[in-house]
Amino acid sequence: MKADHFDQQKLLGLAAEDVALTQLAHRRRTLPEAAAVETAAEAERGFADDVVRAETEVRDLEREVKRLESDVETVRQREVRDQQRLDAGGLPAREVTALQHELESLTRRQSDLEDQELELMERLETAEATLQAAQEGQEKAQGERERAEQLRDDALADIADGIQRHEAARNAAAATIPPDLLALYDRIRTQTGTTGAAMLKARQCQGCRIELFGKELAAVRAADPHEVVRCENCGRILVRTAESGL
């Protein structure tokens with residue numbers, strides 16, 4: 001295939017835009033700001049789980065405390081009734097003795113219940129402190145996640161702006177290249193995943209960084225300036241310039 005030597009050189013501008021677009025696409029795929037968002041979101045989810053567990057424990061302990069408070073109150077009311085009966089007098093000796101024994105038992109029961117209640121209150125206080133710490137951690141993690149999302153969105157917007165600019169520049173460059181030469185370039189670009197042409201500089205293909213030797217170098221030297229020559233290693237169109245070292 002033949003193409004005007006100056007049209008071939010226009011491929012370098014096209015390739016430069018394709019390199020820029022490839023780099024931007026890679027940056028978008030591997031954006032550290034996106035990874036930071038996921039890290040922050042994971043931390044937030046961890047604190048959210050901690051909050052749920054702490055809330056459950058607090059509710060369970062509060063329920064137990066209320067149950068014990070009710071039991072204590074029941075014992076107290078029974079003690080009051082028994083004491084009032086004793087104070088009223090007129091009871092048979094056997095019933096007085098029974099009431100006295102029951103009061104002693106109720107006193108011990110009340111003491112036991114109050115000890116349990118105190119222990120539960122201490123556990124509840126610890127659980128409430130744990131819940132507060134988890135809630136504060138979740139709030140902080142949420143703020144960090146929101147900041148990370150803003151940084152990610154700013155970076156994506158910057159990338160989108162760069163892609164738009166380089167696509168416009170690529171379209172402008174492509175419009176100046178003959179259709180058959182552009183079609184060949186695009187076909188090769190699809191195969192390489194980056195560009196379809198590269199400068200031959202100091203006998204080295206700037207696409208794959210392989211230096212030309214022997215027959216390959218001799219063939220390129222002998223080729224007509226308008227002949228489209230390609231790198232035997234990467235397949236790209238070799239664009240010859242004054243820097244080619246031929």
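Tutor: Helix α1 passes α3 in a left-handed crossing, meaning the near helix is turned anticlockwise from the far one by less than a right angle (clockwise would be right-handed). The model is predicted, so local features need pLDDT of at least 70 and side-chain atom pairs pLDDT 80 or more, while totals for chains, interfaces and linings use all residues. Numbering runs from 1 along each chain as its sequence is written, and side-chain values use heavy atoms, without hydrogens or water.

The axes of α1 (residues 5-29) and α3 (residues 93-174) come within 9 Å and cross at roughly 160°. That makes α1 roughly antiparallel to α3 (over 145 degrees).

Now for α4 (residues 179-192): α1 packs with α4 at an angle of about 35°, axes 11 Å apart, and the crossing is right-handed. Asp-7, Gln-8, Leu-11, Leu-14, Ala-15 and Asp-18 of α1 meet Leu-181, Leu-182, Tyr-185 and Arg-189 of α4.

Gln-8 deserves a zoom. Gln-8 is buried, with a relative accessible area of 1% (buried means under 20%, with a 1.4 Å probe and protein chains only). The side chain of Gln-8 reaches the backbone oxygen of Glu-227 at 3.4 Å. Leaving aside neighbours within four places in sequence, Gln-8 also has contacts including Ala-3, Pro-225, Val-228 and Ile-237.

How values were computed: Axes are lines fitted to C-alpha atoms, for helices over the stretch in contact, and angles run from 0 to 180 degrees between N-to-C directions. Helices (H or I, at least four residues) and strands (E, at least two) are DSSP runs, numbered from the N terminus. Angles under 35 degrees count as roughly parallel, over 145 as roughly antiparallel, 65 to 115 as roughly perpendicular and the rest as oblique. Buried means under 20% relative accessible area, exposed over 50%, partly exposed in between (1.4 Å probe, protein chains only). A polar contact is a pair of N or O atoms within 3.5 Å; within protein, one must be able to donate a hydrogen and the other to accept it, and residues adjacent in sequence count only if both atoms are side-chain atoms. Contact means heavy atoms within 4.5 Å.
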